[in-house]
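Work through the exercises below with the sequence and the model open. Each task is followed by a solution in steps.

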Amino acid sequence: TLFRCAPSLRARGEHTMDSLPFKQVDVFTAVPYQGNPVAVVMGAQSLSGSQMQRIAMWTNLSETAFILPASNPLADYRVRIFTPKGELPFAGHPSLGAAHAVLEAGWAAPREEVLTQECGVGLVRLYRDPSEGRLHLDLPPAHATALADDLRQRLVDAVGVALKGPAAILDLGPRWLTAEAVAIAELLAARVDFPAVQKLSEDLAITGVTLFARDDSATEVRSFAPAAGVPEDPVCGSGNGAVAALLRAQGQSASYRARQGRAVGRDGYAYLEFVPDGPIRLGGDTVTCIDGRLLVPTSA
């Protein structure tokens with residue numbers, strides 16, 4: 001196995017061990033052990049992509065973020081983001097969690113409260129609210145593709161809840177098939193057929209399915225990505241971004257707060273803002289739950 005007790009490894013001479021700064025950050029919450037956790041490994045330039053993937057499999061979280069020196073002079077740092085099954089060009093909650101970690105550890109400092117992250121989709125700007133400390137980021141532009149009519153019933157059967165309005169694939173780096181459920185109660189009670197969602201995701205080459213429901217005062221979201229090794233993401237930044245992009249296309253311009261995670265025993269809030277003639281801005285609170293070092297082998 002990749003990770004075992006360091007003293008016994010050294011005693012038997014099986015591996016030479018190194019260590020890297022490591023944090024686990026809950027995102028979309030200010031309350032520890034709520035929201036969505038992300039593992040953040042800093043100074044990860046010594047790791048290969050295959051090592052990063054194995055670490056992401058081991059943490060068994062929705063995503064693990066690896067912080068490296070920026071290759072673009074306009075960026076403060078570079079991040080690579082892995083699910084248990086593969087690498088993503090961008091994701092919301094790892095980007096917010098990574099920014100929290102590098103700020104807390106002093107690995108980067110905001111310039112006029114702005115950080116610039118380099119990742120697979122290019123440069124992402126992040127902002128720190130000086131009054132609340134909440135982090136926000138500008139989401140990449142979302143490219144929408146309408147869901148073919150013959151696939152709509154297949155989606156309904158897979159997610160186990162009636163839908164209303166159009167369904168579309170929103171590509172923000174991750175690709176989310178996004179649709180509105182008829183009511184919040186039905187969305188929370190939905191019995192999802194995960195193998196069917198996985199097959200649909202593989203057939204459409206998408207990350208997964210994000211559903212939302214609204215009433216007069218609330219928005220609830222659920223995100224399913226079994227093809228990426230994440231049956232249900234507790235609170236999904238890019239999934240919430242896909243919802244916001246669909247709502248903007250339908251004419252919504254008022255900022256709102258979305259709740260997610262209650263169906264899996266978590267609870268978090270994503271803040272969505274429609275910048276006039278600009279990007280959709282995603283925000284969330286962040287809190288560190290683990291702060292230490294990760295032992296990694298330097299030889300096989």
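**Exercise 1.** Sort the lining of the largest cavity by residue class.

*Solution.* The lining has seven nonpolar, four polar and two charged residues; here Ala, Val, Leu, Ile, Met, Phe, Trp, Tyr, Cys and Pro count as nonpolar, Asp, Glu, Lys and Arg as charged, and the others, Gly among them, as polar. The space in this cavity comes to about 80 Å³. Of its 13 lining residues, Glu-63, Trp-176, Thr-207, Ala-225 and Asp-233 are the closest to the centre. A cavity is a set of points on a 1 Å grid over the protein atoms alone where a 1.4 Å probe fits but cannot get out, and lining residues have an atom within 4 Å of a point. Grid points are joined across faces, edges and corners, and a volume is the space filled by probe spheres set on the points.

The model is predicted: local features need pLDDT of at least 70 and side-chain atom pairs count only at pLDDT 80 or more, while totals for chains, interfaces and linings use all residues. Residues are numbered from 1 along each chain as its sequence is written, and side-chain values use heavy atoms, with hydrogens and water left out.

**Exercise 2.** Describe the largest pocket and find the helix that gives the most to its lining.

*Solution.* A pocket is an open set of grid points with protein on both sides within 12 Å along at least five of seven lines. The volume of the largest pocket is about 150 Å³. Its lining includes Leu-139, Pro-140, Leu-172, Arg-248 and Ile-280. By class there are eight nonpolar, two polar and one charged residues. Helix 7 (residues 237-249) contributes the most, with three residues; helices (H or I, at least four residues) and strands (E, at least two) are DSSP runs numbered from the N terminus.

**Exercise 3.** Is Asn-36 buried or exposed, and which backbone oxygen lies 2.8 Å from its side chain?

*Solution.* Asn-36 lies in strand 2 (residues 36-41). Its relative accessibility is 1%, so Asn-36 counts as buried (buried is under 20% relative accessible area, exposed over 50%, partly exposed in between, with a 1.4 Å probe and protein chains only). The backbone oxygen is that of Val-235, 2.8 Å from a polar atom of the Asn-36 side chain. Beyond four places in sequence, Asn-36 touches residues including Asp-26, His-93 and Arg-266; contact means heavy atoms within 4.5 Å.

Asp-26, in strand 1 (residues 17-27), is buried at 2% relative accessibility. The Asp-26 side chain makes a polar contact of 3.3 Å with the side chain of Arg-266 (N or O atoms within 3.5 Å; within protein, one must be able to donate a hydrogen and the other to accept it, and residues adjacent in sequence count only if both atoms are side-chain atoms).

**Exercise 4.** Which residues touch the most other members of the largest nonpolar core?

*Solution.* A nonpolar core is a set of buried Ala, Val, Leu, Ile, Met, Phe, Trp, Tyr and Cys residues joined through side-chain atoms within 4.5 Å. Of the 52 residues in the largest one, Ile-67, Tyr-77, Leu-96, Leu-115, Leu-137, Tyr-256 and Leu-282 touch the most other members. Leu-115 belongs to strand 6 (residues 114-119) and is buried at 2%.

**Exercise 5.** Compare the accessibility of Phe-28 and Glu-112.

*Solution.* Phi of Phe-28 is near 70°, and phi of Glu-112 is near 55°. Phe-28 is buried, at 1%, whereas Glu-112 is exposed, at 79%.
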